[in-house]
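Biologist: Before we discuss the labels, please show me the sequence and the model, and then I will ask what stands behind each word.

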Amino acid sequence: ALWNSSSLDELRSRPIGPLSRAVELRLAEYREAFGRGETRLEFWTIFPKGQATSCLSFCRGISLPGQEQAMLVEARISNEALTAAEVRSLEALRHTPLMITLYTIDGQVLMRNPAAGAVLGRQDGKDHGGNLFLAMFAEPDKGQALLAEAIQHGRAMDTAAIAIAGNPIHHVQVTVVDDPATGEQTILVSQQDISETIEVREKLAESEEALEQILDLNAGPVILVSTSDGMILRAND
């Protein structure tokens, strides 16, 4: 009935996929969570015969003969149905490549979107003194300073190296908000990997410096002119 199917055979005959990148990340995070003995209770939007249907789903990992890992889903249509705007906001949060995490003040994870789970979820289950927010930073003092500023002013942002393989540089924004479920003060963190942008800027700066040196080494007068508008970009002494 949930899948609007006339029979089990008809349901089994339906193609599955292709899965979106957000769904792949979400299911990968589920697999890791099941491996730790955890469960998930979340809203999912499914599309039986193209009809959008939101349901509250309790998901847990199980073992089946011939299957390395399976997922049992108990779903029900919520009596407290989400509005269309709420469903769209929830799905947008899941599909955005921006990493979003909600922490308690002492660094416990309350919620992550799939992008954040894919990058930061590998920290979970490790001994970080229980504070996963501070453990996210290669230099925990950087996280502590961001948190202190956010608590004082409501919001703080900075760039920081992240404590995962390769220590990528993220632009991190920390906002102190009230948890809509409990009313307690929480930390909303949005972050984006800007390592590639920084690398390009550094290489550009290096090439500009090299160009200046080459121009100055040339004994004759040299100018560098833009072919698009004829403006002089560089000139040696």
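Biologist: Why does Glu38 count as partly exposed?

Modeller: The relative accessibility of Glu38 is 30%, and the label covers what lies between buried, under 20%, and exposed, over 50%, with a 1.4 Å probe and protein chains only. The value of Glu38 falls between those limits, so Glu38 is partly exposed. This is a predicted model in which local features need pLDDT of at least 70 and side-chain atom pairs count only at pLDDT 80 or more, while totals for chains, interfaces and linings use all residues. Residues are numbered from 1 along each chain as its sequence is written, and side-chain values use heavy atoms, with hydrogens and water left out.

Biologist: What makes the contact of Arg40 and Glu38 a salt bridge?

Modeller: The term asks for a side-chain nitrogen of Lys or Arg within 4 Å of a carboxyl oxygen of Asp or Glu. The N to O distance between the side chains of Arg40 and Glu38 is 3.2 Å, so the pair meets the definition. Arg40 has a relative accessibility of 17% and therefore counts as buried. Both residues also belong to a network of salt bridges that links Glu29, Arg36, Glu38 and Arg40.

Biologist: How many salt bridges does the structure hold, and which residue meets Glu42 in one?

Modeller: The structure holds 7 salt bridges, and in one of them the side chain of Glu42 meets that of Arg26 at 2.9 Å, N to O. Helices (H or I, at least four residues) and strands (E, at least two) are DSSP runs, numbered from the N terminus. Glu42, at 22% relative accessibility, is partly exposed, whereas Arg26, at 7%, is buried. Another salt bridge joins the side chains of Glu10 and Arg14, at 3.1 Å, N to O, and there Glu10 is partly exposed at 24%.

Biologist: What is the strand order of the sheet that contains S1?

Modeller: The order of this open sheet of 3 strands is S1-S2-S3, and the pairing is antiparallel. Two strands pair if DSSP finds at least two bridges between them. Strand S2 (residues 53-64) and S3 are joined by 8 bridges, so they meet that requirement. Within the sheet, Arg60 stands opposite Leu72 in S3.

Biologist: Which elements lie across S1, S2 and S3, and at what angle to S1?

Modeller: H2 lies across S1, S2 and S3 and runs at about 155 degrees to S1. The axes are lines fitted to C-alpha atoms, for helices over the stretch in contact, and the angles run from 0 to 180 degrees between N-to-C directions. Helix H3 (residues 84-95) lies across S1 and S2, at about 105 degrees to S1.

Biologist: Why do S5 and S6 stand at the edges of their sheet?

Modeller: That open sheet has 5 strands in the order S5-S4-S8-S7-S6, with antiparallel pairing. Strand S5 (109-112) and S6 each have a single partner strand, so one side of each is left without a neighbour in the sheet. Elsewhere in the sheet, 9 bridges join S7 to strand S8 (residues 185-193), and these two run antiparallel. Helix H6 (residues 140-153) lies across S6, S7 and S8, at about 170 degrees to S6.

Biologist: Which residues is Ser5 in contact with, leaving aside neighbours within four places in sequence?

Modeller: Ser5 is in contact with Glu10, Leu11 and Arg14, where contact means heavy atoms within 4.5 Å. Ser5 has a relative accessibility of 23%, so Ser5 too counts as partly exposed.
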